[in-house]
Amino acid sequence: MFQHKYQESSALKLVDRNDPSLILEGEMHKEELCKVELNQLIIDKSKKLQDDVQKLGLKIKHHEENLKFLKAVTNDLDESILDIQVSLGKYHSSSEAKIETENLNHFQTEEDTIEQILRQEKSAAGILCQLKMRHGTQASYLPLTKDVLGIVATLGKVDNDNLSRLLSEYLGLETMMAIVCMTYEGVKTLEMCDKEGRINKSAGLHGLGPSIGRPMDGRFLVICLEGLRPYAGDFVADDPQRKLALLKPRLPNGDVPPGFIGFAVNMITVDSMNLSCLTASGHGLRETLFYSLFSRLQVYRTRADMLLATPCISDGAISLDGGMIRSTGIFSLGERHKGEISNKLYNIKPTCKLH
């Protein structure tokens, strides 16, 4: 009996193994296993590809950062080279090289500048220069002139004759001949009026002129330092000239425009005595007088460089070959002026008491 049951069980097992449904189920199971393995393989491959892409992205980012760093270093080096060239006075264009060589032996001295001012008859600046020539340093103690620093054309110098002429032309003769005072009191001393507002011809410069053989006529400019709005930014660190830390112009791509040399206000040299002459609020000539006159006037090597940089010119520009932009959208065309007081700007001793 037991043997018969065992035979039946074995037969059943034999039938089960050959059952089509069981075979189909086995094949489906194998397919599922294959699918799982294939999916896992795809996932593994995808993960590996993602890892590879991520590593490649990191490498690209690293190279981009290196390129960005190198570009910044290159820009800094270019700017440093320009700064050094400017400080050495080697910023004339090749087209001006011959002119510079010819002018090298006759740079204008302070005496030459004063002589040119004296040629301007009936001028207030001429009266003050005449007074200085006659009385020397004693002129600085006269009530009329004790608050006067000097004439614009004598309060700074530029170490490049061509650039000096351009800056002088940019300012114009009237501004170059302007008298610079420290305070409003000094301005009021130069010209007095009666109750009806008529000029008192016997007082101030109007009275002084005829007494020294230089009658005065017409208007004249006077610049009062305490009335100017001074530059409010930082200064170049450790610079004895206290140059202004102005941000260089940038094109839309972030580069400094080709041919940019610097800002006119920082290209003027102020002698040590005038550097120590400050307003009551502690401001010097560069951040008051010269910043008021030039603001952020940019200097370029050529007209072509200047015109390419027009998108980032806000307060005018000049080029060493004679180009001039007075302000945004206002161009000064034609030939350059000659024969005016447009030579080198030179310093004289301050004729004021330090505040």
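Me: Why does Val-148 count as buried?
Reply: Because Val-148 has 4% relative accessibility. Buried means under 20% relative accessible area, exposed over 50%, partly exposed in between (1.4 Å probe, protein chains only).

Me: What kind of model is this, and how are residues numbered?
Reply: This is a predicted model, where local features need pLDDT of at least 70, side-chain atom pairs count only at pLDDT 80 or more, and totals for chains, interfaces and linings use all residues. Residues are numbered from 1 along each chain as its sequence is written, and side-chain values use heavy atoms, with hydrogens and water left out.

Me: Which strand holds Val-148?
Reply: Strand β1. Strands (E, at least two residues) and helices (H or I, at least four) are DSSP runs, numbered from the N terminus.

Me: How far is Val-148 from Leu-190?
Reply: 9.4 Å in space, C-alpha to C-alpha. In sequence they are 42 residues apart.

Me: Which sheet is β1 in?
Reply: An open one of 3 strands, ordered β1-β2-β3, with mixed pairing. Two strands pair if DSSP finds at least two bridges between them. β1 and β3 (222-224) each have a single partner strand, so one side of each lacks a neighbour in the sheet. From one strand to the next, the twist averages 20°. Axes here are lines fitted to C-alpha atoms, for helices over the stretch in contact (heavy atoms within 4.5 Å). Angles run from 0 to 180 degrees between N-to-C directions.

Me: How do β1 and β2 run?
Reply: Antiparallel, joined by 3 bridges, with β2 at residues 179-181. Gly-150 sits opposite Val-180 of β2.

Me: Switching to Asp-147. Where is it?
Reply: In the loop between α5 (124-135) and β1 (148-151).

Me: Buried or exposed?
Reply: Asp-147 is buried, yet has no salt bridge. That would take a side-chain nitrogen of Lys or Arg within 4 Å of a carboxyl oxygen of Asp or Glu. The nearest side chain of opposite charge is Lys-146, 8.0 Å away. Lys and Arg count as positive, Asp and Glu as negative; His and the chain ends are not counted.

Me: What does the side chain of Asp-147 reach?
Reply: The backbone nitrogen of Thr-183, at 2.9 Å.

Me: Other sheet now. What's the strand order?
Reply: β4-β5-β6-β7-β8, an open sheet of 5 strands with mixed pairing. β4 (260-263) and β8 (330-331) are at the edges with a single partner strand each, so one side of each has no neighbour in the sheet.

Me: Which helix lies across it?
Reply: α6 (residues 161-171) lies across β5 (298-300), β6 and β7. The helix runs at about 35° to β7.

Me: How many residues are between β6 and β7?
Reply: 4, in a hairpin where Gly-322 takes a positive phi near 105°. The strands, residues 317-319 and 324-327, run antiparallel over 2 bridges. Ile-318 has Met-324 as its bridge partner in β7.

Me: And between β7 and β8?
Reply: That hairpin has 2 residues between the strands. Gly-329 in the turn has a positive phi of about 85°. The pairing is antiparallel, over 2 bridges. Ser-327 faces Ile-330 of β8.

Me: Last one: which residues are buried in α9?
Reply: Gly-204, Leu-205, His-206, Leu-208 and Gly-209, in a helix spanning residues 204-211. Gly-213 follows α9, with a positive phi near 80°.

Definitions and conventions: A polar contact is a pair of N or O atoms within 3.5 Å; within protein, one must be able to donate a hydrogen and the other to accept it, and residues adjacent in sequence count only if both atoms are side-chain atoms.
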